[in-house]
Amino acid sequence: MKNLTMKTTSFLVALVFMATTFSGCKSGPKDDAIKAAVETALLSNPHISEAAVTVEKGVATVSGQVPDETIKAEIDKTVAKVEGVKSVVNNLIVVPDTPSVPVATTDVLTNAVKDATKDFPTVTATVNDGLITLKGEIEKANLQKLMMALNALKPKKIDNSQLTIK
């Protein structure tokens, strides 16, 4: 009987150990993964330029420049919705747009967009009065690369609402 009690006790100890170990594995996304997700979410907003994102223990800190308080608040909400973000430190600075920022002409912009999208055959882009409209499909991993390339062209706006992300 003593041997059976020892086996039962050993089994229970092992079971508790395994439960503790496996429950420790269920921690949320790692900070690097959260940072990448926040950066991807921010790409959908063309009003933020040169945003810096850091994540430490689920706390996302966003720094950069935005043209007004409304966009600053919108970005705060966007970051807060990202899975794994526990809280947001919004260090964005409001700097109103100035009319002196050059906007590429339609012909120049059209050619540049065509060049920027050539590596993404499932994406089509049209340019109309400085507005780039994206359609088609793109892998989630490639979205950031495409948006960075297009934002570098300084369009008035990028509309990716018709773009399906796989």
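Analyst: A crossover is called right-handed if, with the strands pointing away from the viewer, the path from the first strand over the helix to the second runs clockwise. In this predicted model, such a right-handed β-α-β unit is made by strand E2, helix H3 (residues 69-80) and strand E3. The two strands of the unit, E2 (residues 59-66) and E3 (residues 87-94), pair in the parallel sense over eight bridges. Within that pairing, valine 62 has asparagine 90 of E3 as its bridge partner.

Among the residues of H5, Leu143, Leu146, Met147 and Leu150 are buried. Seen down the helix axis, the buried residues of H5 fall within an arc of 100°, so they line one face of the helix. The face turned away from this buried side carries Ala141 and Lys145, which are exposed.

Threonine 40 belongs to helix H2 (residues 31-43). Apart from its neighbours within four places in sequence, threonine 40 is in contact with Leu143 and Gln144. Of these two partners, Leu143 is one of the buried residues of H5. Threonine 40 itself has a relative accessibility of 19%, and it counts as buried because the cut-off is under 20%.

Terms used: Residues numbered from 1 in each chain as written. Predicted model: local features only at pLDDT ≥ 70, side-chain atom pairs only at ≥ 80, totals over all residues. Heavy atoms only, no water. Helix = DSSP H or I, 4+ residues; strand = E, 2+ residues; numbered from the N terminus. Buried < 20%, exposed > 50% of the residue type's maximum accessible area, 1.4 Å probe, protein only. Contact = heavy atoms within 4.5 Å. Pairing = 2+ DSSP bridges. Arc of directions from axis to C-beta.
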